Amino acid sequence: MSSSFGYETVDPADKTQRVGDLFSSVASKYDIMNDAMSGGMHRLWKDRFVRRVKPQPGEATLDMAGGTGDVAFRMAARGAEVTVADINQDMLDVGIERAMARGIDDAEGGLSWSCQNAESLTYPARQYDAYTIVFGIRNVTHIDRALAEAYRVLKHGGRFFCMEFSTTSWPGFKQAYDAYSHRIMPKIGGVIAGDEDSYRYLAESIRRFPKPPQFEAMIQGAGFCQTKVEPILGGAVAIHSGWKL
């Protein structure tokens with residue numbers, strides 16, 4: 001069995017290691033790069049995403065691949081009890097430092113931090129009211145396993161929300177977006193994060209990720225029902241959701 005790392009075909013274990021090395025490399029500049037690459041729009045997308053999740057006071061939420069805390073801070077501010085999980089400890093360390101800088105005490109601020117592999121979570125079944133993953137699932141080696149784990153750890157009636165990059169269908173914008181992501185994005189990564197290759201991979205990984213209808217079918221295949229896809233910018237970004245009965 002093989003996996004894709006950008007446009008390369010690699011051994012699954014090699015992909016996991018290389019993705020880990022990549023995010024360790026860019027962790028300290030990750031949020032700055034998000035601002036630079038999206039013109040700050042990622043902040044609006046995340047606000048929109050959290051409005052769709054509708055976190056409630058006291059709810060147990062697992063924010064997978066949420067290392068730097070960007071989405072978790074928004075949900076915790078609404079009263080949710082958020083476990084921030086990430087396979088990369090360097091990303092989690094950035095999130096913990098950001099929480100400290102904001103004066104957020106983990107115990108009182110509704111946040112906890114845990115190094116976890118999305119494909120094999122250590123949590124018991126039916127523990128969480130909501131599972132979120134933002135711009136992370138395309139970096140998972142076996143997406144089907146991550147979806148199965150999301151389903152397993154959710155309570156009955158729990159909800160799954162994922163926001164991920166995809167390919168836009170808007171004429172004209174599609175060509176401009178492709179040119180930007182392949183030619184300009186890596187250059188920005190080189191200037192700001194000193195790592196052009198990592199951002200070249202991130203651009204390539206977007207192209208290799210399943211189209212929204214295909215990914216929705218994968219979510220349904222994991223057992224979720226009432227699935228929805230909400231495209232943004234013609235599908236350049238999409239919010240996927242589903243429920244566990």
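The model is predicted: local features need pLDDT of at least 70 and side-chain atom pairs count only at pLDDT 80 or more, whereas totals for chains, interfaces and linings use all residues. Residues are numbered from 1 along each chain as its sequence is written, and side-chain values use heavy atoms, with hydrogens and water left out.

**The sheet**

Begin by displaying the strands. Helices (H or I, at least four residues) and strands (E, at least two) are DSSP runs, numbered from the N terminus. Seven strands form an open sheet in the order 5-4-3-6-7-9-8, and their pairing is mixed. Two strands are said to pair if DSSP finds at least two bridges between them. Select residues 111–115 and 225–232 next: these are strand 5 and strand 8, the edge strands, each of which pairs on one side only. On average, neighbouring strands of this sheet are turned by 15 degrees against each other, direction ignored. Such angles run from 0 to 180 degrees between N-to-C directions; axes are lines fitted to C-alpha atoms, for helices over the stretch in contact.

Contact means heavy atoms within 4.5 Å.

In strand 9, select Ser241. Ser241 is buried because its relative accessibility is 10%; buried means under 20% relative accessible area, exposed over 50% and partly exposed in between (1.4 Å probe, protein chains only). Not counting residues up to four places away in sequence, Ser241 touches Phe160, Phe161, Gln226, Thr227 and Lys228.

**The faces of helix 10**

Return to helix 10 and show the side chains of Pro212, Phe215, Glu216 and Ile219, which are buried. These residues lie on the same side of helix 10 because they cover an arc of only 105 degrees around the axis. The arc is that of the directions from the helix axis to the C-beta atoms. On the other side of helix 10, Pro213 and Gly221 are exposed. The partners of the buried residues of helix 10 are helix 7, strand 7, strand 8 and strand 9.

**Helix 7 against helix 10**

Keep both helices selected. Their axes are 9 Å apart, and helix 7 and helix 10 pack at an angle of about 50 degrees. Helix 7 is therefore oblique to helix 10: angles under 35 degrees count as roughly parallel, over 145 as roughly antiparallel, 65 to 115 as roughly perpendicular and the rest as oblique. The crossing of helix 7 and helix 10 is right-handed; a crossing is left-handed if the near helix is turned anticlockwise from the far one by less than a right angle, and right-handed if clockwise. Here Ile143, Asp144 and Leu147 of helix 7 meet Phe215, Met218 and Ile219 of helix 10.

**Loop residues**

Follow the chain out of helix 10 to Ala222, in the loop between helix 10 and strand 8. Ala222 is in contact with Leu147, Ala148 and Tyr151, leaving aside its neighbours within four places in sequence. Just after helix 10, Gly223 takes a positive phi of about 115 degrees.

Next, select Ala65, in the loop between strand 3 and helix 4 (70–76). Ala65 has a phi near 60 degrees, a positive value in a residue other than glycine. With a relative accessible area of 29%, Ala65 is partly exposed. Phe135, in the loop between strand 6 and helix 7, has a phi near 50 degrees, likewise a positive value in a residue other than glycine. Phe135 counts as buried, at 8% relative accessibility.

**Helix 8 and helix 9**

Finally, select helix 8 (residues 173–192) and helix 9 (residues 196–208), which pack at an angle of about 155 degrees with their axes 6 Å apart. Helix 8 and helix 9 are therefore roughly antiparallel to each other. Their crossing is right-handed. Among the residues making the contact are Tyr177, Ser181 and Met185 of helix 8 and Tyr199, Arg200 and Ala203 of helix 9.
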